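Welcome, and thanks for opening the viewer.

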Amino acid sequence: MDRLNAKLYLQNCYIMKENERLRKKALLLNQENQALLTELKQRLAKTAAANTNSAKANGNAAAAGNRAAIPDLNAAAPGAHGGHEKKAAPKPKKAVAN
């Protein structure tokens, strides 16, 4: 019974440690997502302002009322956003005596 208890205790410790690691990773991904969303909004606002100024300069009032063109977000080189494509190597499981 003590052996089973010790085995379950070690599994529980491993699960709690993995849970904490995943929480930290989720927090970092959320922060990165918020930063990218802010950047996207800034780019869209900049594009909209440029289109509005361009339309006013051309005297084309109809073009000023149109929605701004959506910028090509794929134009940036892959991996330019903090390397979120990297995958962490899985942690080895601890051997537990039966």
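A residue counts as buried under 20% relative accessible area, exposed over 50%, and partly exposed in between. Keep in mind as you look around that this is a predicted model.

**The whole chain.** Next, colour by accessibility. Of the 98 residues, 3% count as buried. The accessible surface comes to about 8700 Å², and carbon and sulfur atoms contribute 58% of that.

**The start of the chain.** Now select Met1, Leu4 and Leu8, which make up a nonpolar surface patch with about 370 Å² of accessible area together. Leu4 belongs to helix 1, which covers residues 2-58. Its relative accessible area is 47%, so Leu4 is partly exposed.

Select Glu18 and Arg21 and show their side chains: they form a salt bridge whose closest N and O atoms are 2.6 Å apart. The two residues sit about one helical turn from each other because they are three residues apart in helix 1. With 28% relative accessibility, Arg21 is partly exposed.

Then move along to Glu39 and Arg43, whose side chains meet in a salt bridge at 2.9 Å, N to O. Here the spacing in helix 1 is four residues, so about one helical turn separates Arg43 from Glu39. Arg43 has 33% relative accessibility and therefore counts as partly exposed. Glu39, at 28%, is partly exposed too.

Technical notes: Residues numbered from 1 in each chain as written. Predicted model: local features only at pLDDT ≥ 70, side-chain atom pairs only at ≥ 80, totals over all residues. Heavy atoms only, no water. Patch = residues over 30% accessible without salt bridge, like charges linked within 9 Å, V, L, I, M, F, W, Y side chains within 5 Å. Areas by Shrake-Rupley, 256 points an atom, 1.4 Å probe, with all protein chains shown as cover. Salt bridge = Lys/Arg side-chain N within 4 Å of Asp/Glu carboxyl O. Buried < 20%, exposed > 50% of the residue type's maximum accessible area, 1.4 Å probe, protein only.
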